[in-house]
Each structure stands twice: as structure tokens, then as C-alpha cells.
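Welcome! Here is a short tour in questions and answers, for anyone meeting this model for the first time.

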Amino acid sequence: MTPEIMLIYARAANGAIGRDGDLPWRLPADLRHFKALTMGLPMIMGRKTFESLPGLLPGRRHIVLTRDAGWAAEGAEVATTPEGALGLASGETIAVIGGAAIYALFMPLATRVELTQIHADYEGDTFMPPVGPAWHETAREDHAAEGDYPAFSFLTYRKGAA
């Protein structure tokens, strides 16, 4: 059986997904959503994304795709090719969690995107384009701005016919 490859990311209205190796915003609801989506799954990520984490995320495997075959970190499984990363991952669903270059590599293989769309612009140095026409929205949960937190939507996209 071919596993489902799911891309998970948060994106500002202007396309920003990162700034200085971190998220440009603080949104606790998005962090809870990310945890719920990834718990128990193998996660594929780039080295910079791995190094930006606050530590190993409990209950998930950390597969790091890097060009540096000599790179190692405690708790990380290392792959030097996308095929190698997929070979290390096992299960019905594989979560791809960033960064932008890793998303670009796996977008053609993915069948699902879990997007937190932030309804505000943020300064960033890493950007993602809008989800393309091959993708169709299949679920949406809108959240109003609250206090210092911007309005946002949790969106699910699937590839193929609507």
C-alpha cells in the first residue's frame, strides 16, 4: 500500500512561512492543531526545520533530509534523498513539515495538504506559493481574530477531482 504523503504548514496572507528560522507569528491553536495532525506519524523535514524545533517532539519520528551525509543529531533519522526519507518512513500517513525546499520536493508526491492560512501579512524570509489548481479544498474551519492573535483558517486540500 502506498502511504499518504501529507504536507503541513502555516502560511501568512502574503505567503510567508518563516522568518529567521522560526515562525513569524505565535498562534497556540496552530501548534495544537499541528500536534494533533502529526502525533504518531513519521515526520520528514529538512535539517534547518529540525534544528528550529524546541527539541524532539514526543510521539513522532523525526526523519531529516539533508545533503550532508555526515550530519547526525540525537533522535533524528537521516536521509540524503527524498526516496531515502520515504524508505525510512513507514505507516499509512507520512507528514512533511518543512521547510520550503522540502515542501517543493514532496509537493508532486503529496495527496493532502493541511494548511493553516493566517489572515494577515507577516515579514518573512521563507515563502510558499498558494496551493495550486490541482488541489481542491475538502475541509475548512475558520477562526476569528482574538486578542493579539490574527484570524486564521484550518484548510484541508486533496489532489485531484473535486
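Q: In what order do the elements of the chain run from the N terminus on?
A: This is a predicted model, where local features need pLDDT of at least 70, side-chain atom pairs count only at pLDDT 80 or more, and totals for chains, interfaces and linings use all residues. Residues are numbered from 1 along each chain as its sequence is written, and side-chain values use heavy atoms, with hydrogens and water left out. Helices (H or I, at least four residues) and strands (E, at least two) are DSSP runs, numbered from the N terminus. The order is β-β-α-β-α-β-β-α-β-α-β-β-β-β.

Q: What percentage of the residues of the chain count as buried?
A: Buried means under 20% relative accessible area, exposed over 50% and partly exposed in between (1.4 Å probe, protein chains only). Of the 162 residues, the buried share is 43%.

Q: Is Thr 93 buried or exposed?
A: Thr 93 sits in strand 6 (residues 93–96). Beyond its neighbours within four places in sequence, Thr 93 is in contact (heavy atoms within 4.5 Å) with Glu 4, Met 6, Leu 41 and Pro 42. Its relative accessible area is 16%, so Thr 93 is buried.

Q: How many aromatic pairs does a search of the whole structure find?
A: Rings of Phe, Tyr and Trp (its six-membered ring) pair if their centres lie within 6.5 Å; planes under 30 degrees apart count as stacked, over 60 as edge-to-face and the rest as tilted. The search finds four.

Q: Why does the pair of Trp 25 and Tyr 122 count as it does, and which kind is it?
A: The ring centres of Trp 25 and Tyr 122 are 5.3 Å apart. Their planes stand at 65°, so the pair is edge-to-face.

Q: How many residues apart in sequence are the parts that the pair of Trp 25 and Tyr 122 ties together?
A: Trp 25 lies in the loop between strand 2 (16–18) and helix 1 (28–38). Tyr 122 lies in the loop between strand 7 (112–118) and strand 8 (126–127), so the parts tied together are apart by 97 residues.

Q: Which relative accessibility does Trp 25 have, and which does Tyr 122 have?
A: Trp 25 counts as buried, at 4%. Tyr 122 counts as partly exposed, and its value is 22%.
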